[in-house]
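Here is a note for a colleague who is new to this entry. Please keep the sequence and the model open while going through the points.

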Amino acid sequence: MNEELSNVLISKEHPMDDYLREDRLPHIWCSGCGLGTILTSFVSALQKSGLDRDKVAVVSGIGCTGRAAGYLYLDGFHTTHGRAIPFATGLKLGNPELKVVVISGDGDLVAIGGNHFIHAARRNMDITVICVNNFNYGMTSGQMGPTTPTGARTSTSPYGNHEPPFSVPYLAAASGATYVARWTSLHIRRLEDSILEALNKKGFSVVEIISPCPTYYGKKNKMGSALQQMKYYHENSVIRHGSDPAESGIDLGGEIVVGCFINKDKPTFLDSQKRSV
Amino acid sequence: MKLWRKPLDQDRVMIPHGEVHIIIERCKGCELCVTYCPCDVLEMSRIFNAKGYSLPQVDGSKDCVICGLCEMICPEFAIYIEEVSHG
């Protein structure tokens, strides 16, 4: 490098490196992918929560988001496809003092892991689920999934998807989750507060995060680079706290309703078990 | 920084000033920090890292006020701000 960057100090370490396995960085996520931003928000929320690091475990499934557990310097496990929630359930039941966080993608949590998701919500397992939704299976070259909006083009729906999609907040709320929120990877501060709230919440708490996928979903649907997709979120997201999750569906190119939809208290699985046994 | 009126506590409150640190090998040139910096402190340079991504740099005419947005929005853990003491 002959020239030098002006007014910038070159560094080797980041203040968050304490929480990261920095030997694995730079990570494999694409340039501009929202997953890194979401991981930053999670680490920041974890730092603010004051939780003991030895009492936090992160579980993730398969997919781009599945790599999150491997980049965090916390106890964690990279499970088989769709089985992040069952593993987390076992972890919580085996050691109820642990704060168990599931960070996984839409394809992992609501497609192959859909049954586990609704039943963990029904039982009100005391775990926090961070579901990163990029509307397709990014790691395997952008196939359509259950959250792909109707009409969206993916590598397995080249003429446009003709199926109606799942809305993750609606699914979670209908199954009985105690905390349901949705943000995009642009709403970093609100996302951080929301993750903090979800971590402190007793019961099944779900935070869905809409994230750009510039390489597959963005390219196939002519949404442009990650930067342009972030601008789209900026222009089209509407914050409606406490609104009905039934109205949180996402149309291709339409508005994205974000905010905290559900925040209620309910006895958890372990509470009910203690009471009855 | 442009002020529309003189704040009553202007003599007591110091605007914090930060300096930008970049980890060159982690940056992937997504331009999110440059686009979303509220004070337009950052700009893209014509310098590339080993992987061929162009890097951000600081436009010397503007001051960083340590809002921390670049640090939060960077997907690569590649940029952070440290406060410069006023002494």
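Predicted model: local features only at pLDDT ≥ 70, side-chain atom pairs only at ≥ 80, totals over all residues.

Leaving aside its neighbours within four places in sequence, which residues is A:Leu93 in contact with? The first point takes this up.

1. With neighbours within four places in sequence left aside, A:Leu93 is in contact with A:Met125, A:Phe269 and A:Leu270, where contact means heavy atoms within 4.5 Å. A:Leu93 belongs to helix α3 of chain A and counts as partly exposed at 37% relative accessibility. Buried stands for under 20% relative accessible area, exposed for over 50%, and partly exposed for what lies in between (1.4 Å probe, protein chains only).

2. Residues are numbered from 1 along each chain as its sequence is written, chains are lettered from A and ligands numbered from 1 in the order in which they are written, and side-chain values use heavy atoms, with hydrogens and water left out.

3. Helix α3 of chain A covers residues 84–94, and its buried residues are A:Ala84, A:Ile85, A:Ala88, A:Thr89 and A:Lys92. Viewed down the axis of α3(A), these buried residues fall within an arc of 130°, so they line one face of the helix. The arc is taken over the directions from the helix axis to the C-beta atoms. Packed against the buried residues of α3(A) are β2 (56–60), β4 (99–105), α4 (106–112), α5 (114–123), β5 (128–133) and α10 (269–276) of chain A. Helices (H or I, at least four residues) and strands (E, at least two) are DSSP runs, numbered from the N terminus.

4. Five aromatic pairs are counted over all chains. Rings of Phe, Tyr and Trp (its six-membered ring) pair if their centres lie within 6.5 Å; planes under 30 degrees apart count as stacked, over 60 as edge-to-face and the rest as tilted. One of the pairs is A:Phe117 with A:Phe204, edge-to-face, at 5.7 Å centre to centre and 75° between the planes. A:Phe117 lies in helix α5 of chain A and A:Phe204 in the loop between α7 (188–200) and β9 (205–210), so this pair ties together parts that are 87 residues apart in sequence. Both A:Phe117 and A:Phe204 are buried. A:Tyr232 and A:Tyr233 form a tilted pair, with 5.9 Å centre to centre and 55° between the planes. A:Tyr232 is buried at a relative accessible area of 16%, and A:Tyr233 is buried at 3%.

5. Over all chains the count is 11 salt bridges, a salt bridge being a side-chain nitrogen of Lys or Arg within 4 Å of a carboxyl oxygen of Asp or Glu. In one of them, A:Lys55 meets A:Glu97, the closest N and O atoms being 3.2 Å apart. This pair links distant parts of the chain, 42 residues apart: A:Lys55 is in the loop between α1 (34–49) and β2, and A:Glu97 in the loop between α3 and β4 of chain A. A:Lys55 is partly exposed at 37%, whereas A:Glu97 is exposed at 58%.

6. Another salt bridge joins the side chains of A:Asp265 and A:Lys201 (3.0 Å, N to O). What are the burial states of its two partners? A:Asp265 is exposed, with a relative accessible area of 68%, and A:Lys201 is buried, with 10%.

7. Between the chains, 41 residues of chain A are in contact with 39 residues of chain B. The two chains bury about 3400 Å² between them, 64% of it on carbon and sulfur atoms; buried area is the accessible area (1.4 Å probe) that two parts lose on being put together, summed over both. In chain A, A:Leu5, A:Leu9 and A:His14 lose the most area to chain B, together 17% of what that side buries. Two salt bridges are counted between chain A and chain B. B:Arg26 and A:Asp17 meet through their side chains in a salt bridge (3.1 Å, N to O).

8. Chain B has two helices and four strands, in the order β-α-β-β-α-β along the sequence. Of its 87 residues, 46% are buried.
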